[in-house]
Amino acid sequence: MPQNADYVLDHFDLFRQPEYREMLANKKKNFENSVAETELQRVVEWTKTWEYREKNFAREALTVNPAKACQPLGAVFAGVGFEGTIPFVHGSQGCVAYYRSHFSRHFKEPSSCVSSSMTEDAAVFGGLNNMIDGLANTYNLYKPRMISVSTTCMAEVIGDDLNAFIKTAKDKGSVPMAYDVPFAHTPAFVGSHITGYDNVLKGIFEHFWGGKSGTTEKLERVPNESINFIGGFDPYTVGNLREIKRIFDMMGFEYTIIADNSDVWDTPTDGTFRMFDGGTTIEQMEAAVNAKATISMQEYCTEKTLKYIETEWNQTCVYFNHPVGVKATDEFLLKVSEITGKPVPDQIRLERGRLVDALADSSAHIHGKKFGIYGDPDLCLGLAAFILECGGEPTHILSTNGTPKWAEKVQELLDSSPFGANCHVYPLRDLWHMRSLLFTEPVDFFIGNTYGKYLERDTGTPLIRIGFPIFDRHHHHRYPVWGYQGGLNCLVWILDRIFEEIDKNTIVPAYSDFSYDIIR
Amino acid sequence: MSLSAPETIEEIKQRNKELIEETLKAYPEKSKKNRAKHLNQFNTGAKDCSTKSNIKSVPGVMTIRGCAYAGSKGVVWGPIKDMIHISHGPVGCGQYSWAARRNYYIGTTGVDTFVTMQFTSDFQEKDIVFGGDKKLAKIMDEIMEIFPLNHGVTVQSECPIGLIGDDIEAVSKQKSKEYGGKTIVPVRCEGFRGVSQSLGHHIANDSIRDWVFDKMEGKPATFEQSAYDVAIIGDYNIGGDAWSSRILLEEMGLRVVAQWSGDGTIAELEATPKAKLNVLHCYRSMNYISRHMEEKYGVPWVEYNFFGPSKIAESLRTIASHFDDKIKEGAERVIEKYRALSDAVIEKYRPRLHGRKVMLFVGGLRPRHVIGAYEDLGMEVVGTGYEFGHNDDYQRTTHYVKDGTLIYDDVTGFEFEKFVEKIQPDLVGSGIKEKYVFQKMGVPFRQMHSWDYSGPYHGYDGFAIFARDMDMAINSPIWGLTKAPF
């Protein structure tokens with residue numbers, strides 16, 4: 001009997017004990033109809049080949065281990081960024097259980113969101129009654145300042161009209177007539193979570209600036225010196241938005257962070273549960289129309305939103321691609337400085353120097369190393385640029401929700417550096433494609449989300465966890481990756497993994513431990 | 001610490017009554033009436049918990065429930081390790097449920113086993129407009145090419161499939177024929193069906209009946225049969241639960257021919273109608289197929305509970321009662337063998353946990369099944385409820401709960417928060433969506449779906465981990481830090 005009250009064996013030790021090993025071997029032998037070991041090994045080896053890679057890349061219909069989620073997830077991400085706001089997802093209720101779990105597993109925080117709980121009768125007759133009852137219940141129970149409505153694929157397939165439904169619900173008294181219920185259609189079968197973020201954000205802008213679905217006058221824009229800032233669907237939103245505020249405060253200008261979810265996903269444990277915390281206020285949102293410019297940190301998360309702001313409101317719009325590192329931060333700050341007319345303060349100049357100092361100290365460990373990178377389109381661009389400036393060599397850059405047009409942009413970046421010469425870009429591909437890439441054209445390290453650990457297991461390539469979601473490491477989202485300070489965090493995460501790997505490869509006594517150095 | 005613990009049972013019942021009334025006040029009239037039927041308390045002697053269950057959730061209240069897809073793909077089918085389960089529809093459902101349920105298994109993932117992978121048809125607008133059957137057929141071809149060692153495929157329908165009129169049954173039949181009779185199972189578990197995960201369990205059970213069993217009709221057993229063959233039904237091997245259960249059944253002399261469905265295979269599903277007895281842990285999710293096997297193949301079934309030494313011993317004896325003296329002696333031998341371990345666990349942890357109050361809100365069998373394990377440690381469950389239970393679950397609950405236990409069916413975020421605030425339990429056991437809410441409030445918490453990434457909790461080996469985990473949650477020094485000294 002392996003278990004012991006004094007030293008309790010956890011699953012990882014318990015099931016390796018001889019009793020369990022024997023039991024599981026017998027199960028396999030007698031009941032599982034398992035594949036013969038030689039055949040299994042033959043196929044294992046075959047999946048590592050170029051032949052397999054070609055078959056794998058010839059897939060047209062099947063997606064295996066994608067690195068993207070659906071629109072409604074991004075809808076919720078944007079919705080919780082406003083003061084006192086509950087995202088209300090119109091459609092089947094299971095979806096909302098999934099989004100809440102997904103965010104809680106990444107942020108280690110509560111994630112409040114409601115569903116209109118549509119079932120079979122709603123599939124036949126439409127979900128109007130669910131909207132009417134649902135809005136009334138959410139309003140009365142949770143007393144939100146605003147309810148941000150989006151949809152699941154169910155509501156989209158049956159064609160529910162949010163604008164009409166919300167109007168009817170207001171007529172029926174679910175919420176007061178003047179109560180803010182911005183909405184956006186977010187079909188799961190179009191785009192990905194970053195599209196949903198974009199749609200909901202645009203919906204909220206349209207609501208507050210464009211006359212609240214015809215119920216009030218459109219705002220009149222009186223340009224001022226303020227700027228608006230949008231982070232996009234960002235796994236590091238908590239750390240990043242706080243870092244941006246610190247930088248902007250130092251520079252000393254008026255700004256509004258739009259969809260600021262940095263507080264609601266980082267509340268204290270002090271005896272009180274805060275369903276709402278922080279967030280962009282309605283007053284800020286309305287005043288934001290007067291800003292002279294809007295800056296988006298993630299182009300592909302805000303394509304429609306920026307177009308709306310630019311074409312309908314004549315604001316200057318600039319966008320970046322999740323900027324990480326020295327050059328990307330330089331460009332970002334220069335642009336901010338240009339727009340605001342405020343110089344970059346000496347304190348930030350110092351921080352820049354410190355990041356360059358850190359790179360000078362450590363880049364020898366990154367220089368010439370080959371990297372695979374996968375993730376959302378903007379993050380891939382930001383990370384690739386950083387690896388290039390460290391002297392690393394991006395080799396595979398893959399994005400499930402990156403388009404061929406995105407790939408062209410990545411190629412331009414690669415062309416700008418000699419370190420990008422041997423890299424290929426893979427839009428619309430998944431992690432099973434990445435598996436073939438790592439087997440047939442191995443790299444030293446790869447950067448991705450938690451699900452990359454399966455690739456590390458299969459191919460032996462060490463994973464550096466930067467992306468979304470990160471479920472199996474804690475609290476990294478509380479650190480910024482933007483700004484020079486953020487670049488330093490990114491550098492440290494990459495270096496930590498590189499050093500761990502060198503140690504792991506040199507730890508055998510009397511064989512490799514001459515290189516198990518105390519100083520690196 | 002329990003701050004507001006009333007002394008007598010009358011006081012408790014009065015408090016519960018007032019608490020429910022007070023909580024309901026926040027709802028608009030229609031929803032108040034609805035929710036009132038789901039909230040009550042247990043009165044000794046009652047035949048159930050006097051609550052309504054298994055009816056539609058109220059919109060907009062933050063139900064904790066999931067959907068039929070979650071019940072089929074996430075619970076019943078997903079753990080069958082040598083089959084490929086296609087999340088058929090848009091990308092999200094498969095993405096959010098990808099490897100999240102900790103159904104442990106042994107295998108070479110991606111080659112002969114596939115549980116922790118996400119296979120999806122990733123529906124695009126054109127698939128909605130023109131239908132997804134052709135894409136599904138092509139997906140089957142690609143699976144056979146790229147994952148040649150798979151032992152079958154299931155099609156787990158997401159919401160759009162049933163709405164756009166796809167014929168996944170026809171595609172499945174056609175492809176099964178093309179691939180030499182390979183098991184291909186279409187499952188109509190669209191998320192809008194039913195009111196929770198529960199209907200998904202039922203639909204998945206029925207799909208095993210129709211697409212696995214019926215194919216086996218009249219074929220001889222593929223394994224050597226014995227008089228002691230049993231199948232474990234309704235154990236999803238979360239953190240290895242089915243393994244720490246199986247070992248006990250084997251030690252008492254039984255032969256486990258199948259695990260449903262944690263670490264299970266299609267061969268094991270096919271073998272089950274030849275078993276002598278089905279032992280059923282999660283009644284809610286697999287009673288349907290157990291009843292079917294009893295009616296059609298004459299395999300009796302018996303419920304058991306492997307949480308905590310009291311219930312384990314009781315269950316081993318109940319299971320043994322279906323067999324001869326050799327097995328009955330075996331049960332006694334197993335109980336005796338593990339007595340020292342259980343006693344040591346209780347001796348170590350009971351003093352640290354005695355008298356502590358627990359509130360639960362879980363799915364399946366756990367809102368009742370784990371009560372015995374807490375009681376073995378001297379703890380008391382003062383409130384419990386089911387995410388997707390039916391009345392037969394609440395009837396079974398009467399065997400476990402004490403007079404005055406607060407009962408909440410399909411609890412809403414609002415209600416659960418109010419109840420915990422008032423009752424101030426020493427521990428809440430629920431899911432990931434609830435975990436951080438209560439921890440922020442300063443209430444110790446354990447996830448009772450995923451075992452908070454620990455486990456197993458089943459069996460004697462699991463009980464040691466369970467006791468250690470509950471102690472770790474309640475007696476963590478961090479709970480003394482939540483109030484700033486300034």
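Over all chains, the predicted model holds 77 salt bridges. In one of these, D133(A) pairs with K30(B), and the closest N and O atoms are 2.6 Å apart. This pair crosses between chains, since D133(A) belongs to helix α8 (residues 128-142) of chain A, while K30(B) belongs to helix α2 (residues 29-36) of chain B. Across the interface of chain B and chain A, 11 salt bridges are found, and the side chains of D263(B) and K27(A) likewise meet in a salt bridge, with an N to O distance of 3.4 Å.

The size of an interface is often expressed as the accessible area that is lost when the parts come together. For chain B and chain A, the area buried between them is about 9200 Å², of which 63% lies on carbon and sulfur atoms. Within the area that chain B buries against chain A, M62(B), Y96(B) and K440(B) supply 10%, which is more than any other three residues. In terms of contacts, 117 residues of chain B touch 102 residues of chain A, and 42 residue pairs between the two chains are in polar contact, counting pairs in which both residues have pLDDT 80 or more. On the side of chain B that touches chain A, helix α6(B) gives the most, with seven residues, and the residues of this side divide by class into 58 nonpolar, 32 polar and 27 charged.

Most peptide bonds are trans, and most residues other than glycine have a negative phi. In chain B, the peptide bond from W260(B) to S261(B) is cis, with omega near -5°, and S261(B) is placed in strand β7 (residues 255-261). The peptide bond from G455(B) to P456(B) is also cis, with omega near 0°, and P456(B) is located in the loop between β14 (445-447) and α21 (459-474) of chain B. In chain A, K143(A), although not a glycine, has a positive phi of about 45°, and K143(A) lies in the loop between α8 and β4 (146-151).

Conventions:
Residues numbered from 1 in each chain as written. Chains lettered and ligands numbered in written order. Predicted model: local features only at pLDDT ≥ 70, side-chain atom pairs only at ≥ 80, totals over all residues. Heavy atoms only, no water. Contact = heavy atoms within 4.5 Å. Buried area = accessible area lost by both parts, 1.4 Å probe. Salt bridge = Lys/Arg side-chain N within 4 Å of Asp/Glu carboxyl O. Polar contact = N/O pair within 3.5 Å; in protein donor to acceptor, adjacent residues only side chain to side chain. Helix = DSSP H or I, 4+ residues; strand = E, 2+ residues; numbered from the N terminus. Nonpolar A, V, L, I, M, F, W, Y, C, P; charged D, E, K, R; others polar.
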